[in-house]
Amino acid sequence: MGEKTILFIATGFGLGRLHFAPGTFGTLAGLPLIGIMVWLATACTPGAAALFLVGVILCAIWISQKAEVLIGQKDPGAVVIDEMAGFCVTMTLVPISLLSLVIGFIAFRCFDILKPFPICWFEKNFSGGAGIVLDDLMAGVLAAFLLKAIYFML
């Protein structure tokens with residue numbers, strides 16, 4: 001894969017290069033991936049959707065590692081593929097609707113920005129592609145649990 005392609009994917013198709021809230025806009029770039037997961041879960045099996053999510057996560061780690069080297073900066077802000085993967089994790093436990101997407105998006109962004117424990121632990125203790133992605137995956141897990149609790153209460 002060429003350098004331009006890696007950077008294009010890593011930056012969420014260019015959204016990560018925006019000067020205002022790149023992580024927030026980069027999270028929105030995850031919507032097509034969530035759509036694919038939903039389609040796989042309904043047209044195939046939930047296992048196919050889970051396998052797709054694992055693939056997204058592994059690709060995000062690999063692409064983040066490559067992009068960090070190409071940009072020459074530790075955890076560059078323009079790299080938002082980690083937000084895309086984290087948002088996918090957020091949306092794995094509930095049926096997808098406009099309401100669940102909005103609440104999931106807000107929950108994920110709050111956890112990703114505030115970085116409560118254990119998210120901050122992952123950010124501090126890992127480097128490279130894993131370091132870029134793991135804290136966002138943990139934010140996605142916490143947001144998924146919160147979203148599932150809200151869904152269960154409603």
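**View 1. L28 sits in helix α2, which spans residues 22-28.**
The model shown here is predicted. L28 is partly exposed, because its relative accessibility is 36%. L28 belongs to a nonpolar surface patch together with L18, F20, F25 and L31. The accessible area of these residues together is about 450 Å².

F13 has a relative accessible area of 43%, so F13 counts as partly exposed. A21 is partly exposed, because its relative accessibility is 27%.

**View 2. E68 is buried and has no salt bridge.**
E68 is placed in helix α4, residues 46-71. Which side chain of opposite charge is nearest to E68? K74 is, at 5.4 Å. That distance lies outside the 4 Å limit, so the pair does not count as a salt bridge.

**View 3. I113 and L114 lie in helix α6: I113 and then L114, with the helix covering residues 98-114.**
I113 is exposed, because its relative accessibility is 55%. L114 has a relative accessible area of 67%, so L114 is exposed as well. Where does the chain come back towards these positions? Two C-alpha distances describe this part of the model. I113 and T27 are 86 residues apart along the chain, and their C-alpha atoms are separated by 12 Å. L114 and A139 are 25 residues apart in sequence. Their C-alpha atoms are 9.5 Å apart in space.

**View 4. K115 forms a salt bridge with D112.**
The closest N and O atoms of D112 and K115 are 3.2 Å apart. D112 is buried, because its relative accessibility is 5%. K115 shows 18% relative accessibility, so K115 counts as buried. How many salt bridges does a search of the whole structure find? The search finds four.

**View 5. The side chains of K115 and D135 meet in a salt bridge.**
The N to O distance is 3.1 Å. This pair links distant parts of the chain, 20 residues apart. K115 lies in the loop between α6 and α7 (119-125). D135 lies in helix α8, residues 128-153. Are K115 and D135 buried or exposed? Both are buried.

**View 6. Salt bridges that share partners join five residues, R109, D112, K115, E123 and D135, into one network.**
The side chain of E123 meets that of K115 in a salt bridge, at 3.9 Å from N to O. E123 is partly exposed, because its relative accessibility is 30%. D112 is another salt-bridge partner of K115, at 3.2 Å. D135 pairs with K115 at 3.1 Å.

**View 7. The peptide bond from F117 to P118 is cis.**
Omega for this bond is near 10°. P118 lies in the loop between α6 and α7. K115 is placed in that loop too.

How values were computed:
Residues numbered from 1 in each chain as written. Predicted model: local features only at pLDDT ≥ 70, side-chain atom pairs only at ≥ 80, totals over all residues. Heavy atoms only, no water. Helix = DSSP H or I, 4+ residues; strand = E, 2+ residues; numbered from the N terminus. Buried < 20%, exposed > 50% of the residue type's maximum accessible area, 1.4 Å probe, protein only. Lys, Arg positive; Asp, Glu negative; His and termini not counted. Patch = residues over 30% accessible without salt bridge, like charges linked within 9 Å, V, L, I, M, F, W, Y side chains within 5 Å. Areas by Shrake-Rupley, 256 points an atom, 1.4 Å probe, with all protein chains shown as cover.
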